[in-house]
Amino acid sequence: MAANSRYIPEKRMHWLSRSTTIHGDSFNNSTISEDSGRGMSGRFDIRQRIAHLYRKQLYTDVMFVIQCGIEPKPVFYAHKAILAAGSKHFAEMLFGSEDNLPKTTEPVKKLQINNVSPEAFRNVIEFLYTDDMYFDNEPLVIETLLTAKKFEIQPLIDRCESHLEEIELCNSTVCSLLQIATEHKIDALKNRCLSFIQENTGDVIKAEDFMKSPLSTVRTICKLQSLNLASEIELITAAFKWAEHQNTSSKRAAVEPVLRCLRFLVLEAKDFSNLLNQYPDIFTSHEALQIMMYLSNPGKGIDKLPSWCNKGTNRCSYVKPPVPSVSPVDTKIPPGQKKLEIALKPFSPQNFLSSLNCNLEIRCNCGRFQLIGLTLLFQEPIMKRSHIDTLTITVVVKPTNFRYKEILKITDSKEVQFTFQKGILFSQGQVASIQAAAENAEFYYFLQFDEKHLPQVDPRFTCSLGSSAKESKLFFIYEVFYVELPFRRPPSRR
């Protein structure tokens, strides 16, 4: 490629090598004492940090002596790398000609960093150089936060903590996040996770994430004083199913530490009887008899119950969250509205997936636009019992703090179209990241991204796609509707 030629991507749409999640930036400024020599790393703005280096004459590595007939000769201390980065003349003066510039200066000090992941350390270094940071996944946010605390970089700590406050919790990951937040004492995230679990208990304890959780997380959930469940039997059954996934000598051994957290005494006698038939190896015959006698004659024999038996009252109250249903597509497109189409094709063979996350990033190369809505497309056959209980659409506009979220419910529909309830604007240099997460899907097949037959894409956009089904490239965002907006002109001066 010629040195002066401008690179133009061959494709305006491509599949990401890995699924990425884009989050809105949200952070607080941080101030430090002007007298703090080492405190410069705590400054938020890179310009301020570099200025602080110069004003305090910290860590300089070159001295300039000015020959101007003045005695004593004026002396200036500076930093080679900063001068070379800003001036070709300084670069040649300090490091030689441009053709022979070394990648690093000599001597290079070698330091060993322990107990830090390379991804998190890279984030720390890049933040100090650029004041910018992006995260691919939630665990990396946690790792970066811990590393930022280790190196006392308060602005990055603020950025990570703010990011954790913005994380969209979902049934499929909340238990893992609760475990991380508990282990690393991130109280704000822990409290958010616990509140989410209390509001969505039924779906959380059915998720695979719960079944893979460690004992400490399961006990924490089972100790909650308020649960969104119709009956305690749902939590008990989930705990027993969790025990089946544990590598222990018996189900009883696995569930033993959890028994004290479960409230068997609020059950109906018939529910407990069914539980005994379904899980005969959990209770001893004596324990089963004691609990059954109490449930058959409430208030009697309480002193004869097993020592581990929790005597707490009913904590379950089921409230179904309101989820709007979406009607099949209306193929009429309003005048002046344009659409960005994703190439999809049938994919087989495949089994039914219970969940699928899709990401679509639209980078605006020029102009100003408003996103209007989406069309979602699924693979036939569609059955009467096909449904997606929770489909969460999240739109984030980078680098702004704008975030839009909508939750839908889809039933028996091959093609679904809806409009956003809020204006979503983005313009040159900004990225609109659309994330669609389908959870609790039943009897739905998904289509595959067709990279060989890409439709014509507006040249003012560059698009990237990704999904949780990375290998098969399954996708269900089919069309994005948008309108072009005129640029706002500043008021003329008179």
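Helices (H or I, at least four residues) and strands (E, at least two) are taken as DSSP runs, numbered from the N terminus. I am working from a predicted model, in which local features need pLDDT of at least 70 and side-chain atom pairs count only at pLDDT 80 or more, while totals for chains, interfaces and linings use all residues. I number residues from 1 along each chain as its sequence is written, and the side-chain values use heavy atoms, with hydrogens and water left out.

**Entry 1: the chain as a whole**

I began with the secondary structure of the chain, which comes to 15 helices and 15 strands. I then looked up burial (buried means under 20% relative accessible area, exposed over 50%, partly exposed in between, with a 1.4 Å probe and protein chains only), and noted that 44% of the 494 residues count as buried. For the surface, I used Shrake-Rupley areas with a 1.4 Å probe, where for residues only the protein chains shown count as cover; the chain exposes about 28100 Å², and carbon and sulfur atoms supply 50% of that area. I also checked the contacts (heavy atoms within 4.5 Å): among those with a separation of 6 or more, 74% come from residues 24 or more positions apart.

For helix pairs I took axes as lines fitted to C-alpha atoms, for helices over the stretch in contact, with angles running from 0 to 180 degrees between N-to-C directions. The orientation words follow from cut-offs: under 35 degrees is roughly parallel, over 145 roughly antiparallel, 65 to 115 roughly perpendicular, and the rest oblique.

The axes of α4 (residues 118-130) and α5 (residues 138-150) come within 8 Å and cross at roughly 60°, which makes α4 oblique to α5. I noted the hand as well (left-handed if the near helix is turned anticlockwise from the far one by less than a right angle, right-handed if clockwise), and the crossing of α4 and α5 is right-handed. From α4, Glu119, Ala120, Asn123 and Val124 meet Leu140, Glu143, Thr144, Thr147 and Ala148 of α5. By class, this contact of α4 with α5 has 4 nonpolar, 3 polar and 2 charged residues, where Ala, Val, Leu, Ile, Met, Phe, Trp, Tyr, Cys and Pro count as nonpolar, Asp, Glu, Lys and Arg as charged, and the others, Gly among them, as polar.

The crossing of α5 and α6 is left-handed. In α5, the residues Val141, Ile142, Thr144, Leu145, Ala148 and Lys149 meet Leu156, Ile157, Cys160, Glu161, His163 and Leu164 in α6, and the residues of this contact of α5 with α6 divide into 8 nonpolar, 2 polar and 2 charged.

**Entry 2: α7 and α11**

I next looked up α7 (residues 174-183) and α11 (residues 215-222), whose axes come within 10 Å and cross at roughly 105°; α7 and α11 are therefore roughly perpendicular to each other. Cys175, Leu178 and Gln179 of α7 make the contact with Thr217, Thr220 and Ile221 of α11, and the residues involved divide into 3 nonpolar, 3 polar and no charged.

**Entry 3: two glutamines**

Glutamine 225 is found in the loop between α11 and α12 (232-244), and it counts as exposed because its relative accessibility is 57%. Setting aside residues up to four places away in sequence, glutamine 225 touches Gln198, Arg263 and Arg315. I noted that glutamine 225 and glutamine 198 are 27 residues apart in sequence and 8.7 Å apart in space, C-alpha to C-alpha.

Glutamine 278 belongs to helix α14 (residues 269-278), and with a relative accessible area of 48% it is partly exposed.

**Entry 4: backbone angles**

Most residues other than glycine have a negative phi, and most peptide bonds are trans, so I listed the exceptions below.

- A cis peptide bond joins glutamate 71 and proline 72, with omega about -10°, and proline 72 is in the loop between β2 (62-65) and β3 (75-78).
- The bond from lysine 398 to proline 399 is also cis, with omega near 0°, and proline 399 lies in the loop between β8 (387-398) and β9 (402-411).
- Tyrosine 59 has a positive phi of about 60° although it is not a glycine; tyrosine 59 lies in the loop between α1 (46-55) and β2 and counts as partly exposed at 46% relative accessibility.
- Aspartate 412 has a positive phi near 55°; aspartate 412 sits in the loop between β9 and β10 (415-427) and is partly exposed at 39% relative accessibility.
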